[in-house]
Amino acid sequence: MWEQQYYLKVGDKIFPSPVRWVANDKQWRKVAFAPFWWVADGTADGRPKKPEEMPGKQTVDYQCNGCHTTNFIAKKDEQGKYAFSRIEGGIGCEQCHGPGSKHVDAQGDGGILNPAKLGTWQQEQLCGQCHIRVTSKQDKDFAFPLGFRTGQTDLQDKVEFWTYSTKPANFWGNEDAKKNRQQYHDTMRSGHMAAGVTCSACHLDHATKHLTSSLKLPREQQCIGCHTAQKAMFEGSVHAQKGVTCVDCHMAKMGNRAGATQKTPKDPWDVSAHTMRVVTPEEADVFKMRSSCDKCHSGAERSAKGAQLVGVREDVLNKTQRALQGTAISKENLNKVLMDGSLGAHNPQKTLQLLESKKK
């Protein structure tokens, strides 16, 4: 559920407009996106600001263009005034592949960067420069890194990352992202990053179908090419029979992007988590947050399902430990449980059956 943003020119400056169009609802947001357009004057709506009252640091050059244009440059003169430039509006080829002039000079034989051939950190920071919430260390008025280019790995030196401590409205208490455009924050804490899995492993680099998340494969096929042991365990489970897929639980909708409309009265949960972790109802209750189960389960059922999951995992853990110490079950069955790694969460019945089977 993406929103369409509009820009408005006031004098010689351009600002994000206060209105946004919610694509899925085909309606306008109920609440203004940029409240700095008005001054409180005691009335319900406030007074529109005069051109000279508009905040100069809320322009698109300070808040947007570092990620929404190609090769954005902010250069300060001797008087401390910034001049802004860009090669083109929107994200063009050179934002990821480097200067096209080098490719021309090489007569098409090299002179261009191929992100697929970069290292893990280079690839992740290439995407992460925009899929983050940060403040520039060079100048705190900018909401994006200044001077970062493809192939670099010094993103952390250019920005201060927002966190739950500094921006609690954007994160849950366990540091999971609560808003959109924070995939890098989640990914850095994921098992994918630890294993060297980059964004492009799942997402297309040149996709145009943004509303399908630019995935390389259908969502139900996205994970099983690598996670074969988990696929085998999950097959036949209650969740599998109901059509639940890996991403429904491991990338649950934990964040918010679009605003409320007349059609959708509340701000929707429409942003997938990228930690790849399942947040159980028990953990969610501790951190006062959404759980990965909330889309399908609520109220007493949610609590009961959460408690049931905790009980199953404790039972599986105890039986696995006993199996590791003895020889009662076959090594093959034990390995299936260990390789799955979910402690029964993927398929409690199959897991317990394997652990309780006698060695032949």
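In the predicted model, the largest cavity holds about 30 Å³ of space. A search of the whole structure returned one cavity of 30 Å³ or more. Its lining consists of Ala 177, Lys 179, Asn 180, Arg 181, Gln 182, Gln 183, Asp 186, Val 271, Ser 272 and His 274. Sorted by class, the lining of this cavity comprises five polar, three charged and two nonpolar residues. At least two lining residues come from each of helix 7 (183–187) and strand 13 (271–272).

The second largest pocket has a volume of about 440 Å³. It is lined by 15 residues, of which Asp 12, Lys 13, Ile 14, Asp 61 and Phe 84 are the closest to its centre. Two or more lining residues are contributed by each of strand 2 (13–22), helix 1 (60–63) and strand 8 (82–85). Helix 1 makes the greatest contribution, three residues. The class composition of this lining is six nonpolar, six charged and three polar residues.

Nonpolar side chains tend to be buried together in soluble globular proteins. The largest nonpolar core contains ten residues: Met 233, Val 312, Val 316, Ala 323, Ile 329, Leu 334, Val 337, Leu 352, Leu 354 and Leu 355. Helix 13 (299–325), helix 14 (331–340) and helix 15 (348–356) each provide at least two residues of this core. Another core, of nine residues, lies apart from it and includes Tyr 62, Phe 72, Cys 130 and Phe 142. With residues up to four places away in sequence excluded, Leu 355 is in contact with Val 316, Lys 319, Thr 320, Ile 329, Leu 334 and Val 337.

How values were computed. Residues are numbered from 1 along each chain as its sequence is written. This is a predicted model: local features need pLDDT of at least 70, side-chain atom pairs count only at pLDDT 80 or more; totals for chains, interfaces and linings use all residues. Side-chain values use heavy atoms; hydrogens and water are left out. On a 1 Å grid over the protein atoms alone, a cavity is a set of points where a 1.4 Å probe fits but cannot get out, and a pocket is an open set with protein on both sides within 12 Å along at least five of seven lines; lining residues have an atom within 4 Å of a point. Grid points are joined across faces, edges and corners, and a volume is the space filled by probe spheres set on the points. Helices (H or I, at least four residues) and strands (E, at least two) are DSSP runs, numbered from the N terminus. Ala, Val, Leu, Ile, Met, Phe, Trp, Tyr, Cys and Pro count as nonpolar, Asp, Glu, Lys and Arg as charged, and the others, Gly among them, as polar. A nonpolar core is a set of buried Ala, Val, Leu, Ile, Met, Phe, Trp, Tyr and Cys residues joined through side-chain atoms within 4.5 Å. Buried means under 20% relative accessible area, exposed over 50%, partly exposed in between (1.4 Å probe, protein chains only). Contact means heavy atoms within 4.5 Å.
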